[in-house]
Amino acid sequence: MNKSQFDRMKNGKGFIAALDQSGGSTPKALAAYGVMEDAYSNEDEMFDQVHKMRTRIITSPVFSSMSILGVILFEQTMDSKVEGKYTADYLADHNIVPFLKVDKGLAEKENGVQLMKPNPDLDETLRRANERNIFGTKMRSVIHEPNEEGIKEVVDQQFDIGKKIIAADLVPIIEPEVDIHSGDKEKCEEILKAEILKHLNELSEDENVMLKLTIPTKANAYKELVEHPRVVRVVALSGGYSRDEANEKLKENEGMIASFSRALAEELRAGQTEEEFNESLKSAIDSIYDASVNKK
């Protein structure tokens with residue numbers, strides 16, 4: 001593991017940019033950016049378009065380590081190049097820590113939750129991640145209802161796979177998202193916190209994780225997780241909130257920093273001039289950085 005990257009993730013000021021839209025969410029992300037489905041005719045062309053979008057973001061002069069601690073990449077982005085270098089190497093050269101999304105999407109809803117789909121190729125993905133100088137990984141499940149059995153299953157699965165990732169010398173971002181539209185979001189969060197704490201308390205001193213969580217209904221509800229010695233960092237997903245709303249909620253939670261996707265890119269458009277694009281991106285980055293660093 002890269003110790004300087006570990007120290008930067010644990011102690012650095014800034015936030016993580018989530019640029020890991022995958023097969024299912026890519027058309028929606030491209031459409032929001034202004035690239036419609038008639039601009040590509042197959043999956044390869046679609047991923048070329050999204051790589052152009054990500055490259056434009058990453059290479060923008062306003063996208064710098066002054067505000068950005070890390071970036072979460074999609075698997076094809078990891079194998080693609082930015083200015084002649086593999087994406088993770090390009091980021092590391094700019095003092096930004098690279099992560100890789102490793103899950104294969106969500107299973108059908110059962111017991112009020114969506115587990116991750118089986119991932120038989122995980123070992124090979126982790127081997128390639130090390131080869132590409134990736135620091136850590138991310139994997140997402142979703143909690144819809146305060147079903148204790150379902151939430152336990154989600155957290156068990158996340159930590160079981162998380163330990164395999166740790167064994168491969170990578171730092172897992174464990175992401176059990178609570179749906180912001182859940183009818184009893186706060187109760188889901190109470191059960192989730194208790195289950196996560198059980199697993200954290202069982203980790204050895206050389207086993208460390210990051211947590212990516214929906215911003216809690218009750219401010220500082222996850223403070224115990226933020227302060228846990230086995231947690232490198234707790235990052236927040238925007239979860240469908242607008243950027244302004246996500247930022248306001250994030251400011252109320254000490255120690256949590258952003259790991260936004262849609263909220264980061266919501267005002268970026270393919271047709272913008274470079275000046276317009278950089279201005280929009282700078283506005284987004286400055287506001288998310290402020291919410292991550294300056295608390296109420």
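This is a predicted model: local features need pLDDT of at least 70, side-chain atom pairs count only at pLDDT 80 or more; totals for chains, interfaces and linings use all residues.

Q: OK, strand β11 then: how many of its residues are buried?
A: Five of the five residues of β11 (residues 256–260) are buried, so the strand is largely enclosed by the rest of the structure; buried means under 20% relative accessible area, exposed means over 50%, and partly exposed is in between, with a 1.4 Å probe and protein chains only. Helices (H or I, at least four residues) and strands (E, at least two) are DSSP runs, numbered from the N terminus.

Q: And which residues sit on which side of β11?
A: M256, A258 and F260 lie on one side and I257 and S259 on the other, and both faces are covered. In a regular strand the side chains alternate between the two faces of the sheet.

Q: Which way does β11 run against β1?
A: β1 and β11 run parallel and are joined by two bridges, with A17 standing opposite F260 in β11. Strand β10 (residues 231–237) also pairs with β11 in the parallel sense, over three bridges, and there V234 stands opposite M256; pairing requires that DSSP finds at least two bridges between the strands.

Q: What does its side chain touch?
A: The side chain of D20 makes a polar contact with the side chain of K138 at 2.9 Å; such a contact is a pair of N or O atoms within 3.5 Å, where within protein one must be able to donate a hydrogen and the other to accept it, and residues adjacent in sequence count only if both atoms are side-chain atoms. Leaving aside neighbours within four places in sequence, D20 is in contact (heavy atoms within 4.5 Å) with R54, I72, L73, F74, K101 and K138.

Q: Switching topic, what about E189?
A: E189 is found in helix α8 and is buried, with a relative accessible area of 4%. The side chain of E189 makes a polar contact with the side chain of K185 at 2.7 Å, and, neighbours within four places in sequence aside, E189 is in contact with V178, I215, P216, T217 and Y222.

Q: How do α7 and α8 cross?
A: The axes of α7 (residues 148–167) and α8 (residues 185–202) come within 9 Å and cross at roughly 40°, where axes are lines fitted to C-alpha atoms, for helices over the stretch in contact, and angles run from 0 to 180 degrees between N-to-C directions. The contact is made by E148, I151, K152, V155, D156 and F159 of α7 and by C188, I191, L192, E195, I196, H199 and L200 of α8.

Q: Last one, what's the phi of N95?
A: Phi of N95 is near 60°, a positive value in a residue other than glycine. Most residues other than glycine have a negative phi. N95 is found in the loop between α5 (87–93) and β5 (97–101) and is partly exposed, with a relative accessible area of 43%.

Notes
Residues are numbered from 1 along each chain as its sequence is written. Side-chain values use heavy atoms; hydrogens and water are left out.
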